[in-house]
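Okay everyone, let me walk you through this one. Have a look at the structure first, and then we'll go through it together.

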Amino acid sequence: MADIRVVEIKNVSKRFDDLIVLDNISLEVHRAENLVVFGRSGQGKSVLLKIIIGLMPPDSGNILIKGQNISELTVSELNRLRKNIGFLFQGSALYDSMTVRENLSFPLKRTYPDMSQSEITNKVVSTLDLVSLEDAIDKMPSELSGGMKKRIALARSIITDPELMLYDEPTTGLDPITTKEISELIINLQKRLNMTSIAVTHDLICAEIIADRAIFLKDAKVAYEGNIKELTGSNDPFLKNFFSHEFVPQ
Amino acid sequence: MNLPKLKQSRRLTYTDYLYNFFATITGLTIFNWQFIKQAFIPPYEISEIKKHMDELGVKTFGIVSITGLIIGLVLAMQSQPVLQRFGATDFLPGMVALSVVRELGPVITALIFAGRVSSGIGAELGSMRVTEQIDAMEVSAVNPFKYLVVTRIIATTMILPVLSVYVIIIAIFGGYIAVIITENMNIYYYIDSVLRSVEFGDFIPGVAKTFVFGYIVGLVGCYKGFTAEGGTEGVGRASTTSVVLSSLLILIFDMILVKISLWIWPTLG
């Protein structure tokens, strides 16, 4: 099963004015695989995720999700495809004007319009249980801490049981303990729901827990690829600089 | 939907301002066309429209009540000495009513509504845009334009005429308060004078144009909020420019609609 390609990125390029952020990138992600994308700030990691989900069009190249070229899909076809994809935003992106219950019900009602209110409530409660935040069900996002927001956002993104998860900096701004908790939560959910995932992160703690494979974006290209140990143990001065606590002259 | 991007800088040249002016007009036109296309496609999000109408009505009820009362009071107080000079104080109720019904009620309500609602919509959607909530909606397979924009524009278009009629009634009542302070006028006589002065042709154009004003308030607020960028500064800019642009458009369209109404009902002139 692991050789089924869920995401295929073929020669994708993207630039903003004179700044090239992705230059002819190609990669594949297979079913139940967890790919971590590393890179310095402003190297196009989040842009790559937004291109995969269709929030941003590439300048050239193609994105295939389960064999479907997203640039050739109509809006309704793309929306149908998106129902199988979860996206965890860097800033959580919880709807300010809705309670936690409403935040979680919202994608559920849209994906399964025939679901009854009691079924929705049960699903919301069971998903909150997965992230250990059942007590927060009637709270507003403004009443939650950063870590709680991330957990709720994670719950919202998995509530429709997606086959593919995209994580944009899932642990940014969190303390090391919460980072570990969130990362463990991600890996447990993935094992439980057999999801494929792509996670963009700077965070080595998170990457070490969740990554099956990692790539490193540098100068708008995939500069390094391998498992996490290969990347962190590399003698390349750039990677040493990135992963170690000390500055290594290049 | 590809909307032209405005040039954002602390030091804009005259050419940049000119570019932004035309980019805004183009953007609003595209946004307007998108609304027309999407408003008739299901789902219609009726519950969201009702929710927005309810919120907008409650939000502006207090301020338009005070405004309406003051318009009527001031108008009557200002006009009374002048009419007295010509011995025409009997015309005061009719004059207050006609001014309020034909022009002051709809336009001032629309301007107050623009200040209160357009800025609110601009800030709310702008904040949702910069915090990626709109993107989150899109990846949840929800059409954010339909859910956030279409519902708000319909709500503002429907609720402003209701508020305007309410303001007209309150303003006429305000006029009566001003009259009884100085004159001993019976309320029945006042109401009778008002009803005799205001014809159907006076009432309809005044209220009809508030549908257009409501549409402008919703459209501009949503456009500015939906296209906001640049963090909190962008949200502030969206909020401020929503009020300025919608107020300006209300006055421009008022001029055009008055001309059209005089063409349809020549007796109004």
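**A sheet and its helix**

So, in S4(A), Glu8(A) has Leu64(A) as its bridge partner. Before I go on: this is a predicted model, where local features need pLDDT of at least 70, side-chain atom pairs count only at pLDDT 80 or more, and totals for chains, interfaces and linings use all residues. Residues are numbered from 1 along each chain as its sequence is written, while chains are lettered from A and ligands numbered from 1 in the order in which they are written.

Back to that pair. Strand S1 (residues 5–16) and strand S4 (residues 60–65) of chain A run antiparallel, joined by five bridges. Strands here are DSSP runs of E, at least two residues, and helices are runs of H or I, at least four, numbered from the N terminus. Two strands pair if DSSP finds at least two bridges between them.

What order do the four strands take in the open sheet? In chain A it goes S2-S1-S4-S5, with antiparallel pairing. Strand S2 (19–30) and strand S5 (68–69) of chain A are the edges, each pairing on one side only. Helix H1 (residues 45–53) of chain A packs on this sheet and touches S1, S2 and S4 of chain A; contact means C-beta atoms, placed from the backbone, within 7 Å.

Zooming out, chain A has nine helices and ten strands. Its C-alpha atoms fill a box of roughly 60 × 45 × 40 Å along the principal axes. And residues 24 or more positions apart make up 65% of the chain A contacts with a separation of 6 or more.

Definitions and conventions. Contact = placed C-beta atoms within 7 Å. Axes fitted to C-alpha atoms, helices over the stretch in contact; angles between N-to-C directions.
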